[in-house]
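User: Hi! I'm new to reading protein structures. Could you go through this one with me, question by question?

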Amino acid sequence: MTDKTPSRAVFVNVGERTNVTGSAKFRKLIRDGDYAAALDVARQQVENGAQIIDVNMDEGLLDSKQAMVTFLNLIAAEPDIARVPLMIDSSKWEVIEAGLKCAQGKAIVNSISLKEGEEQFLEQARACLAYGAAVVVMAFDEGGQAETAQHKFDICKRAYDLLVDTVGFDPNDIIFDPNIFAVATGIEEHNDYAVAFIDATRRIREELAGAHVSGGVSNISFSFRGNEPVRRAMHSVFLYHAIKAGMDMGIVNAGQLDIYDEIDPELRDLAEDVILNRRDDSTERLLQAADRFKGDGTVAKKEDAEWRSRPVAERLKHALVKGIDEFVVEDTEEARQQFDRPLHVIEGPLMDGMNVVGDLFGEGKMFLPQVLKSAGVMKKAVANLIPNMEAERAASGEEKQSAGRVVMATVKGDVHDIGKNIVGVVLQCNGYDVIDLGVMVPAEKILETARKENAHIIGLSGLITPSLDERVHVAAEMERLGLDLPLMIGGATTSPAHTAVKIEPAFGRAPVVHVHDASRAVGVVSRLMSPEQRATYWEDLKAAHEKTRITRARTQASRDRVPLKDARAKAFDVDANDYTPATPKQPGLTTIDNVRLKDLAPYIDWTPFFMAWDIKGVYPKILDDPRRGEAARALFDDAQAMLKKMIAEDWLQPRGVVGLWPARRDGDDVIVFTDETRKTEAGRFYGLRQQLRKEGDKPHYNICDFISATKPDWIGGFAVTAGSAEGEIAERFRKANDDYSEILFKALADRFAEAFAEYLHARVRREIWGYAPDEALTTEDMIAEAYQGIRPAPGYPAQPDHTEKDALFRLLEAPQRTGIELTESRAMNPAASVSGMYLAHPDSVYFAVGRIALDQVQDYARRKGWTLEEAEKALAPILGYDPDAPAAKAAE
């Protein structure tokens with residue numbers, strides 16, 4: 001019989017540095033394939049006192065499953081690391097299961113929860129039991145994360161009963177994580193979070209016999225990121241009380257914990273007031289004192305005066321960092337009087353300030369909207385200096401000088417330019433001449449302009465995946481024409497890997513640089529322009545690109561893809577059940593031209609809005625985030641003010657169209673018919689199938705699988721735009737030199753287009769198709785996709801071929817009915833537009849095709865009437881092989 005007496009084990013430190021989401025160093029090592037150095041990180045954790053090491057490989061550019069298996073197998077051969085248990089940490093169950101198969105001895109799974117309901121919870125718990133693993137159970141149920149002590153305990157009690165009584169778990173193998181949240185955030189409701197955790201811990205240990213309690217300790221102090229002495233004190237004080245309540249495990253850096261009795265008494269008391277919520281003013285008192293504890297944690301000297309009393313260079317730096325333009329003209333003028341030339345003010349204190357902004361942005365301590373406001377301050381300062389600089393040049397006869405000329409463009413076929421515009425603003429504010437050619441710019445115009453303007457650098461941007469190939473084309477043309485200008489690459493779909501694998505091999509006459517974000521652009525351009533730094537920088541870039549190519553080749557070779565015939569044998573079978581497709585109430589085409597912005601505003605999903613500004617987090621929680629909340633709230637206030645004007649003045653006139661057509665699946669494709677007799681083909685949608693090997697009976701999806709091959713089924717399509725006036729309004733802001741408002745407006749226009757898609761899909765489900773007439777979902781439910789059916793878009797993961805928009809737009813008569821046009825690369829213009837398909841089957845799901853093998857590309861080309869080369873060009877981003885390899889091998 002299991003011993004259910006409360007556990008009294010000593011506190012167990014869980015090492016956190018072998019986690020790619022929490023350690024930038026470890027993430028880089030794993031990305032680079034440097035597993036030897038990654039093992040040293042694990043070894044250091046053990047040497048520093050970690051009694052368990054947490055291993056997490058969840059990162060977008062990694063094959064998480066492969067990385068987990070590789071790392072755990074290597075650990076197994078290292079006795080000094082393998083002597084401690086492993087905590088296998090992932091949000092993906094397949095990664096956890098792969099890790100369990102590699103773990104020696106007893107592993108711990110981090111984590112399972114009731115978030116998706118009891119059925120999935122029990123399934124995963126039984127699997128953990130079969131592997132002999134202990135489990136971390138989050139205090140998270142169908143209603144969300146628990147915040148109060150009562151809710152935390154209730155969830156843990158429910159999970160405990162299921163694990164012990166239903167699954168048969170040993171209570172000693174159950175570890176509860178009752179959620180450690182940040183305190184001292186300035187929000188009153190958060191003040192009791194630490195107490196709630198401590199109280200819940202006490203009840204768990206008293207009433208759920210044998211179970212353990214763990215948590216991520218660093219969460220408690222997020223409000224004080226950047227002030228390590230205060231954070232260490234908060235961690236130690238929190239652990240002092242939580243351990244006494246029964247917390248016996250925790251993810252904590254044991255090497256950075258202060259001894260409770262050795263913490264500065266004043267700081268310890270202030271931290272204890274916050275942790276235990278002993279005073280109403282605890283947060284304010286700790287905030288007031290926090291800046292006095294620096295370096296080694298001792299009380300530092302207080303600043304002698306407020307920022308307006310500082311030297312002018314410091315005032316300018318402060319104004320730039322804080323985005324304050326109130327005094328910048330007078331401060332710039334004062335600085336001009338202290339320097340020999342006005343240009344020296346730009347090169348000196350103003351550049352110093354922008355460099356600080358860039359560094360803070362790169363470190364995640366500033367955010368995009370703040371950077372743009374800083375750039376606005378810089379622009380104002382430079383504008384004040386320009387007349388003096390012009391007068392100086394006129395008196396001396398000098399020609400106008402600039403730090404350098406950069407030609408920038410969104411490449412042919414693409415209309416997205418928010419990121420490019422941000423980079424241009426930042427470069428201009430740092431003294432560079434930027435020649436912005438706009439959007440949809442062909443290679444010939446880019447290169448002709450670069451020659452004509454004697455440009456020093458070319459910058460290429462783009463969003464949609466066909467833009468990747470266009471940037472390769474521009475690079476190849478530069479090589480052919482003998483241009484030796486450095487090439488900067490940016491845009492959401494590109495990456496360092498694409499730059500290294502595709503672009504740099506096409507152009508070897510000058511450096512090729514992937515610019516991750518606007519804050520790095522100035523540093524990149526500065527090094528490219530520097531006679532002293534350029535050669536070394538170029539060598540470093542070439543070495544990094546070569547390393548990326550080697551790593552990518554090794555990673556791709558390890559991917560296990562099944563032949564197309566085997567993937568088809570495991571297709572999802574929509575005809576396996578007795579589902580009867582619903583006939584639409586309004587078949588054919590329905591034009592939507594009576595919708596206003598006020599109708600769409602309630603459907604806006606604000607989370608992607610913040611992500612567009614590189615403020616990552618879920619709305620509305622992002623507004624209270626300890627690190628990002630201040631920037632998020634300021635941005636949201638500005639957005640709400642503009643939103644009200646857009647609605648009140650009807651800045652945009654949304655237009656859309658819906659099409660619902662008789663359909664039948666034909667292999668991996670769907671035939672669309674002209675009418676319900678289903679005799680005359682009106683068009684055809686082509687599907688792509690997953691080929692990455694899957695375990696068990698998991699299907700290899702294709703979007704066409706969700707249409708019946710035997711019953712009279714239907715398929716839908718749509719195209720919506722926020723309005724054709726988008727470009728005109730953005731241009732007004734641009735002419736007024738209001739870059740921040742221009743970008744804010746474009747981001748809001750994008751949100752309205754997505755909101756229109758959400759609004760229209762709801763109408764389709766309830767009225768136009770009518771297969772869910774009684775649906776009553778909240779906006780939050782719709783954003784969470786808690787409805788029947790899906791709306792996959794061509795060019796996105798479920799069907800990555802953008803050319804599928806051709807058939808969709810023809811069937812919808814989209815240009816005539818909505819005003820949306822497709823560029824030659826199939827970008828939609830206006831940019832704030834959305835299109836896609838409607839699939840109604842209740843089992844339809846979103847998925848990613850992933851990389852595909854040559855046999856499917858050949859088959860796809862045959863079905864679409866393409867050559868293999870045409871198919872490889874269209875599907876380049878998802879090819880699981882190098883199409884140039886056979887030719888290269890034959891040439892040897």
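Predicted model: local features only at pLDDT ≥ 70, side-chain atom pairs only at ≥ 80, totals over all residues.

User: Which residue lies over the face of Tyr 787?

Analyst: Residues are numbered from 1 along each chain as its sequence is written, and side-chain values use heavy atoms, leaving out hydrogens and water. A charge sits over a ring if NZ of Lys or CZ of Arg is within 6 Å of the ring centre and within 35 degrees of the ring normal. At 4.0 Å from the ring centre of Tyr 787, the residue over its face is Arg 765.

User: How far from the ring centre of Tyr 537 is Arg 527?

Analyst: Here we have another charge over a ring. Arg 527 lies over the face of Tyr 537, and its distance from the ring centre is 4.8 Å.

User: How many aromatic pairs does the structure hold?

Analyst: Rings of Phe, Tyr and Trp (its six-membered ring) pair if their centres lie within 6.5 Å; planes under 30 degrees apart count as stacked, over 60 as edge-to-face and the rest as tilted. With that rule, the number of aromatic pairs is 23.

User: How many residues apart in sequence are the parts that the pair of Phe 572 and Phe 706 ties together?

Analyst: These two rings form a tilted pair, 5.4 Å centre to centre with 50° between the planes. Phe 572 is in the loop between α22 (564-569) and β18 (588-592), while Phe 706 is in the loop between β21 (681-686) and β22 (713-721), so the parts tied together are separated in sequence by 134 residues. (Helices, H or I of at least four residues, and strands, E of at least two, are DSSP runs numbered from the N terminus.)

User: Is Phe 706 buried or exposed?

Analyst: Buried means under 20% relative accessible area, exposed over 50%, and partly exposed in between (1.4 Å probe, protein chains only). Phe 706 has a relative accessible area of 1%, so this residue is buried.

User: Which side chain joins that of Asp 173 in a polar contact?

Analyst: Asp 173 sits in the loop between α7 (149-167) and β8 (174-177), and is buried, with a relative accessible area of 16%. A polar contact is a pair of N or O atoms within 3.5 Å; within protein, one must be able to donate a hydrogen and the other to accept it, and residues adjacent in sequence count only if both atoms are side-chain atoms. At 3.1 Å, the partner of Asp 173 is Lys 106.
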